[in-house]
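Subject: Model for your files

Hello,

Here is the structure I said I would pass on. Please keep it with the notes that follow.

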Amino acid sequence: MNDSLGVKVGATAAGRGGPLTSGSRSNAEHSGGPGQGASGISPPEGPALMTTTPQHGVAAPTPLLQIQNLTVQFPTEERLVTAVAGADLTILENQVHCLVGESGSGKSQTARAALALLDPPGRVAGGQMLFHQSDGQVLDLAGLKPRGKRMRHIRGGEIGMIFQEPARSLSPMHTVGFQIAEAMRLHRGLNKQESWDAAVEALRAVRIPRAELRAKSYPFELSGGMRQRAMIAIALAGQPRLLIADEPTTALDVTTQAQILDLLREIQAERDMAILFITHDLGVVAEMADEVSVMRRGEIVERKPVHDLFAAPQHPYTKMLLEATPKLRVGRSSQTEDQPADPGLVTAAAPTGPQAEQPLVEVRDLTRSFTLKSGALGLRRSQLHAVDGVDLDIYAGETLGLVGESGCGKSTLAKCLLRVEKPTGGSIIQRLTKAPTGDVAAVPERHLGEYRQQMRMVFQDPFASLNPRMTVRDILLEPVRGDGPVADEWLVELLDLVGLEAEHLERYPHAFSGGQRQRIGIARAIATDPQVLVADEAVSALDVSVRAQVLDLMSQLQAERGLSYLFISHDMSTVEHLSDRVAVMYLGRLVETAPTAELFTRPMHPYTETLLSAVPIADPVRQRARARIEISGELPDPTQKPSGCPFRSRCRFAQEICATETPRLRQTAEGRQAACHFAEEIRLTGILR
Amino acid sequence: MLQFMIRRVGWSLLTIWLISLVCFFIIQAPPGDFVSVLMANAEADGRRLTAQQVEVLRERYNLDQPWYSQYWAWISGIITQGDFGYSFRWNRPAVDVIMEHLPFTLLLAGGAMFLTWIIAFAIGIYTAVKRYSIGDYFWTFVGFIGLSVPNFVLALVFMYVAFRYFDMSVGGLFSPEYVEADWSVARALDLLQNLAIPALIIATAGTAGLIRITRANLSDELTQPYVVAARARGQKENVLLMRYPVRAAMNPFISTIGYAIPSVISGEVIVSSVLSLPTTGPVLLGALRNQDMYLAGSFLLILGVLTVVGTVISDLVLAWADPRVRRQHSGAAQ
């Protein structure tokens with residue numbers, strides 16, 4: 001079993017080897033081949049080593065870390081919070097073990113307990129954590145002094161750890177190189193110069209280009225993906241036999257996530273290291289895991305090899321999690337009616353399709369620029385075109401998904417639509433209000449009242465977007481304050497619509513859970529009976545199960561009230577689940593719009609293909625059979641976009657014309673638009689088949 | 001970094017110019033002018049200035065000119081010749097009066113600031129790391145006493161204790177036997193000993209606030225993921241404490257350089273009066289009370305300039321210490 005998995009894993013990792021993996025080709029080549037980069041973190045010679053040598057070719061599944069009946073408690077003045085309640089977890093050597101659960105399930109605390117890194121006042125109240133050292137000794141981590149020498153050796157030397165937020169896990173006051181070199185000094189007994197050289201090598205080994213230069217950079221000068229690579233370099237400095245990865249890609253964009261997951265896979269195979277991978281994302285589990293443990297309320301409810309877990313979940317909670325995760329189904333039908341999967345046969349889409357009527361909102365050539373000051377006395381200025389000439393239509397009753405990486409201008413576009421930001425150029429023609437307002441992009445603030453009642457927003461953060469000093473009643477009344485007194489029945493009705501109850505009216509936001517708060521946010525948005533809702537990452541902060549409920553609520557409201565949604569998200573699977581049409585944004589421009597099924601089946605812009613390819617499908621069989629389209633490089637600095645096509649610097653089809661001519665968003669097929677010179681010629685792969 | 005420095009210095013020159021304008025108007029504020037005061041003084045002595053003498057004096061100080069030429073004469077005198085005008089009360093050039101008192105003041109201020117930092121740094125770190133422990137409560141209590149007890153009371157208590165139990169001479173800069181003596185090692189030591197008590201008194205007040213700031217800042221930093229990350233790579237607790245969170249919590253210390261200078265100089269007025277120290281504080285107070293406007297204006301100008309210089313220094317040190325400040329202003333950051 002383990003053997004066959006291992007083979008599969010190796011094949012996947014090698015199969016995906018694009019430009020990124022050139023330093024590491026395959027395991028066989030690695031030891032003697034061009035792997036100069038990797039040799040920097042291979043075991044150094046010298047007797048003064050406490051670290052272990054990875055054992056190559058171990059076949060028998062020997063346990064590495066056995067957590068037995070672990071209990072972690074946080075005593076507070078009011079009560080005793082038990083974060084982990086008798087959890088059992090066994091991680092085998094060379095295995096990727098995924099620990100899945102929703103927020104508050106205790107998965108992070110379990111991992112932190114192993115390294116005695118619990119935040120005060122947390123403590124291990126019971127259980128054992130047996131770590132099998134390379135010399136055969138078995139050590140109970142629960143019995144070590146948190147500040148003692150042995151624990152400090154375990155941390156980094158035997159067990160490395162990477163964290164959710166690479167930006168905050170690196171000291172902003174020190175260079176990345178310094179922080180990696182510190183780990184080198186601690187675990188390899190190197191001197192200052194040697195450790196710096198080793199740090200540069202380590203950066204190279206995690207595929208950071210121009211490593212010498214990057215070593216001297218401060219964390220805030222690096223992108224999120226590079227920071228996480230640097231964190232990985234730190235964690236690997238002491239050649240640990242176990243790497244704990246605590247939601248390492250949650251804060252990253254989907255394309256960056258794909259790169260980091262690839263890197264972890266490759267490194268795991270190169271070094272025969274085990275990984276304890278903590279995540280809430282079943283797609284990531286499907287991509288990474290050999291074995292999965294599902295955690296809920298401090299207990300492990302199910303443990304299975306990954307294929308078995310997805311194929312035959314036993315525990316009701318596991319089943320619920322799997323059901324709540326949006327599937328990217330093969331030959332999936334659209335929301336309203338069955339459609340042929342072959343894009344060639346797709347005719348005019350849903351009844352609300354583009355040809356049916358005039359759009360409610362017509363955005364034309366919309367721009368929003370910011371002027372950035374720099375240089376002496378702030379005289380040198382550069383322009384940041386956050387939204388750079390966007391054409392967009394929103395039709396009655398449809399859900400338009402807007403996707404793109406962070407920083408692509410999605411939120412700025414949404415703010416322009418609501419006129420929270422004043423567009424720098426372009427026009428927004430709307431047919432929402434009875435009295436015409438003219439171009440929303442240009443009309444004075446005082447004429448926007450009615451428009452803003454018709455176009456409402458649901459925000460990302462359910463905690464920050466509700467005033468903690470207002471009761472639910474006040475919150476719901478605020479948008480309709482100008483309309484005279486409102487009956488209680490109306491408020492109760494409104495609450496009922498979003499699945500809340502009359503007794504909630506007098507409560508303050510802190511009394512509600514994240515999902516309930518988002519329901520309040522939705523109630524507030526629909527209080528004015530709008531026609532369009534802009535949902536900017538409205539479900540991103542919610543747990544999978546809650547997310548599914550809120551999405552259901554949104555679908556239901558749409559059916560009942562004929563709402564149109566502009567659904568902005570970085571999460572492709574949620575967008576696919578909810579949207580009728582999808583618009584893809586890159587560096588302030590729309591690069592493609594298409595009906596959802598068609599976009600996911602056969603994208604017409606290379607960027608869309610890359611995005612889709614990076615989305616992990618929550619199905620290990622399908623996920624591992626896919627061919628990943630490698631995306632090269634990082635998102636360019638938005639103030640220095642490439643000439644011509646903004647995507648050309650990362651595009652595998654780029655030609656000369658791409659540098660000179662900016663492709664316009666143009667009709668490429670019925671109901672489809674793409675901004676690529678070669679949209680018709682290139683054959684791109686989607687997720688759905 | 002260079003651009004950053006140029007910009008900072010440029011702005012501070014502008015600020016200094018504005019301060020000089022304000023100071024000039026303060027000098028000009030009382031009715032009449034310098035010569036009319038001089039005439040009044042002469043009359044009080046029973047002498048009389050001739051109309052010609054008055055004219056000469058008015059011309060010399062440009063008092064017959066419009067205000068901007070007067071300002072120009074004043075400021076150019078300061079810049080080119082170090083001529084700050086004349087102190088009527090001391091009957092000497094204002095600059096002499098100031099220079100006589102400034103060195104001791106700076107010594108006292110520097111000593112007080114140094115003590116403030118040492119004490120606040122140590123206690124701040126201790127109370128942040130051992131938050132909600134008995135030690136934390138104890139030092140917090142001590143800090144608040146230092147904050148709330150007026151300086152002059154402390155000064156009196158110190159004087160009494162030092163005199164009664166340690167037989168030290170307090171008050172003045174030197175013990176009686178050294179007042180007229182030539183400079184020697186013993187005299188210098190005596191000076192330091194005499195400065196220690198006022199420095200400590202002035203430091204107590206500043207310390208309490210800085211302890212609170214350090215404690216709050218450091219407490220925030222201690223729970224940051226990068227501290228956990230440093231721990232997770234196996235670093236020793238005391239090393240990582242000083243290397244990461246304390247380093248990040250240092251910024252308020254550096255910022256105090258700017259505002260510590262004026263507050264220390266004005267804060268020592270009362271302490272110096274009580275301890276009869278020949279520092280600038282009492283002299284400034286006297287100048288203001290006696291409408292000795294050139295002296296007062298010069299003082300204000302110098303204090304203002306020191307404040308600006310202190311702020312620039314703290315900005316530059318901050319930029320040197322904190323890469324986020326440094327790199328963001330040089331445009332190297334993304």
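Below is what was found, starting with the contact between the chains. Please bear in mind that this is a predicted model.

Contact between chains A and B

Chain A contributes 32 residues to the contact, and chain B contributes 28 residues. On the side of chain A that touches chain B, at least two residues each come from helix H5 (149–158), helix H6 (166–169) and helix H7 (176–188) of chain A. The largest share of that side, 5 residues, is supplied by H5(A). Sorted by class, the side of chain A that touches chain B holds 14 nonpolar, 9 polar and 9 charged residues.

Domains of chain B

Chain B is assigned domain 1 (35–83) and domain 2 (98–280). The distance between the C-alpha centres of domain 1 of chain B and domain 2 of chain B is 44 Å.

Backbone points in chain A

A cis peptide bond joins A:Pro120 to A:Pro121, with omega near 5 degrees. A:Pro121 sits in the loop between helix H4 (107–114) and strand E4 (123–132) of chain A.

A:Arg207 is not a glycine, yet its phi is positive, near 60 degrees. This residue belongs to the loop between helix H8 (192–205) and helix H9 (211–215) of chain A. A:Arg207 counts as buried because 22 other C-beta atoms lie within 10 Å, the cut-off being 20 or more.

A:Asp365, also not a glycine, has a positive phi of about 50 degrees. A:Asp365 lies in strand E11 (residues 361–374) of chain A. Is A:Asp365 buried or partly exposed? With 13 C-beta neighbours inside 10 Å, A:Asp365 is partly exposed.

Regards

Note on methods. Residues numbered from 1 in each chain as written. Chains lettered and ligands numbered in written order. Predicted model: local features only at pLDDT ≥ 70, side-chain atom pairs only at ≥ 80, totals over all residues. Contact = placed C-beta atoms within 7 Å. Helix = DSSP H or I, 4+ residues; strand = E, 2+ residues; numbered from the N terminus. Nonpolar A, V, L, I, M, F, W, Y, C, P; charged D, E, K, R; others polar. Domains from an automatic or database assignment. Buried ≥ 20, exposed ≤ 12 C-beta atoms within 10 Å, placed from the backbone.
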